[in-house]
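Subject: Structure handover

Hello,

I am passing this structure on to you. Please open it first, then read my notes beside it.

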Amino acid sequence: MLLMEHTNWSVIGHDWAVDLLQHAIAAGRPSHAYLVTGMAHIGRRTLALALARALNCTREQPPCDMRAQAACRACSLTATGGHPDVRVVMPEGASIKISQIRELQHDLALSPVEARFRVTIIDGMEQATLEASNALLKTLEEPSPHVVLILIASEPKVLLPTIVSRCQHLPLRPLTIEQVSQALVALRGLEAQRADQLAHLSGGRVGWALAAAQDETVLQKRAARLDDLLRLLGAEGRRVERFAYAEQLANDGEAIQPTLELWASWWRDVMLVAAGSTAPLANIDRPEALRQHAAQFGLDRARGALVSLSRTAWQIAHNANARLALEVLLLDWP
């Protein structure tokens with residue numbers, strides 16, 4: 001089944017995670033802290049918000065189905081961002097700052113206003129400063145029985161090991177091409193061929209696929225970023241052009257992560273083609289360019305480019321100078 005058997009959660013895929021959380025809530029033993037990891041647009045925040053609703057839902061089978069008109073007050077307020085006991089913390093500018101954690105700790109020390117739990121979702125935990133991360137440890141080490149923290153990050157290794165060890169980890173994986181395709185048909189009414197194409201391009205990120213089905217600019221931005229990649233790797237991608245592009249990308253902070261993720265999908269595809277693998281490709285709309293790069297760079301150089309991308313993403317997440325990190329990345333590329 002595409003949508004979970006427990007459709008009230010409104011989560012596509014990740015059945016195992018919903019089952020685990022539902023059983024913990026039914027038994028009255030939710031963890032004091034969860035860490036939800038995975039690539040962007042894979043459903044991390046959707047799962048976190050559904051968990052927040054389920055924790056404080058007043059119905060017998062939480063959470064309420066938000067498509068129904070009779071959702072309880074707690075679920076309705078959480079869904080609209082108005083619940084006094086549910087809070088979402090996000091980076092202010094480039095990072096989550098210690099002042100945000102101090103303010104959060106003050107609120108969590110208070111009893112819930114009207115719910116069973118004070119629930120806080122920290123979205124973008126990898127962007128927390130070291131001071132903010134260390135401050136959060138106190139809350140994780142001395143949990144209050146009425147507090148549940150839900151941390152969202154790309155992967156555990158970008159966080160302090162002491163934070164990861166104090167959370168129940170929920171690692172979300174990309175959905176299958178079939179799952180994403182079926183979601184696009186069911187939820188967006190796409191024809192099967194178009195749904196299959198977007199499912200491949202999504203790389204298993206159902207949130208990206210659903211957005212691309214509604215907003216043509218999503219695909220336009222993707223095409224432009226791939227064009228940039230091909231140009232930088234071509235004859236015209238001289239050192240001065242790579243320096244200029246690194247500066248341009250660094251100045252558009254919101255574009256860094258999606259650009260690096262797209263480029264990583266490209267190098268994975270190049271590796272698959274170079275290795276003669278029959279695994280499905282993400283960038284199926286550029287087969288000739290993939291074959292050209294597989295022949296030109298080979299498996300080892302493509303793997304090296306992918307490793308350098310992962311290292312750069314980690315450095316930027318840990319507050320390295322984005323421009324310098326991107327310059328090193330592009331200069332290391334073939």
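Predicted model: local features only at pLDDT ≥ 70, side-chain atom pairs only at ≥ 80, totals over all residues.

**Strand E4**

Start with strand E4, residues 147-153. Is this strand enclosed or open to the outside? Seven of its seven residues are buried, so E4 is largely enclosed by the rest of the structure. Both of its faces are covered. Val147, Leu149, Leu151 and Ala153 are buried on one side. Val148, Ile150 and Ile152 are buried on the other.

E4 has pairing partners. Strand E1 (33-37) runs parallel to E4, and five bridges join the two. Within that pairing, alanine 33 has leucine 149 of E4 as its bridge partner. Strand E3, residues 118-123, also pairs with E4 in the parallel sense, over six bridges. Here isoleucine 122 stands opposite leucine 151 of E4.

**Helix H9**

Next, look at helix H9, residues 206-214. Its buried residues are Val206, Trp208, Ala209, Leu210 and Ala212. What covers them? The cover includes three helices: H7 (177-188), H8 (192-202) and H10 (216-233).

**Arginine 286**

Arginine 286 sits in the loop between helix H12 (253-275) and helix H13 (287-317). Is this residue buried or exposed? Its relative accessibility is 17%. Buried means under 20%, so arginine 286 counts as buried. Its side chain makes a polar contact with the side chain of aspartate 227, at 2.9 Å. Leaving out residues up to four places away in sequence, arginine 286 touches Ala223, Leu226, Asp227, Leu230 and Trp266.

**The second largest pocket**

Now turn to the second largest pocket, which holds about 290 Å³ of space. Its lining has 18 residues. Leu49, Arg53, Thr78, Ala79 and Thr80 lie nearest the centre. Which elements supply at least two residues each? They are helix H2 (44-56), helix H3 (73-80) and strand E2 (86-89). H2 gives the largest share, five residues. By type, the lining divides into eight nonpolar, seven polar and three charged residues.

**Backbone points to check**

Some background first. Most residues other than glycine have a negative phi, and most peptide bonds are trans.

- Serine 10 has a positive phi of about 55°, although it is not a glycine. Serine 10 is found in the segment before helix H1 (15-26). It is partly exposed, with a relative accessible area of 39%.
- Histidine 41 also has a positive phi, about 70°, and is not a glycine. Histidine 41 lies in the loop between E1 and H2. It is partly exposed, at 45% relative accessible area.
- The peptide bond from proline 62 to proline 63 is cis, with omega near -5°. Proline 63 lies in the loop between H2 and H3.

**Where to look first**

Begin with E4, whose residues are buried on both faces. Then find the contact between arginine 286 and aspartate 227. After that, visit the pocket by way of H2, which supplies five lining residues.

Best wishes

Notes. Residues numbered from 1 in each chain as written. Heavy atoms only, no water. 1 Å grid on protein atoms, 1.4 Å probe; cavity = no way out; pocket = protein on both sides within 12 Å on 5 of 7 lines; lining within 4 Å. Points joined across faces, edges and corners; volume = space filled by probe spheres on them. Helix = DSSP H or I, 4+ residues; strand = E, 2+ residues; numbered from the N terminus. Nonpolar A, V, L, I, M, F, W, Y, C, P; charged D, E, K, R; others polar. Buried < 20%, exposed > 50% of the residue type's maximum accessible area, 1.4 Å probe, protein only. Polar contact = N/O pair within 3.5 Å; in protein donor to acceptor, adjacent residues only side chain to side chain. Contact = heavy atoms within 4.5 Å. Pairing = 2+ DSSP bridges.
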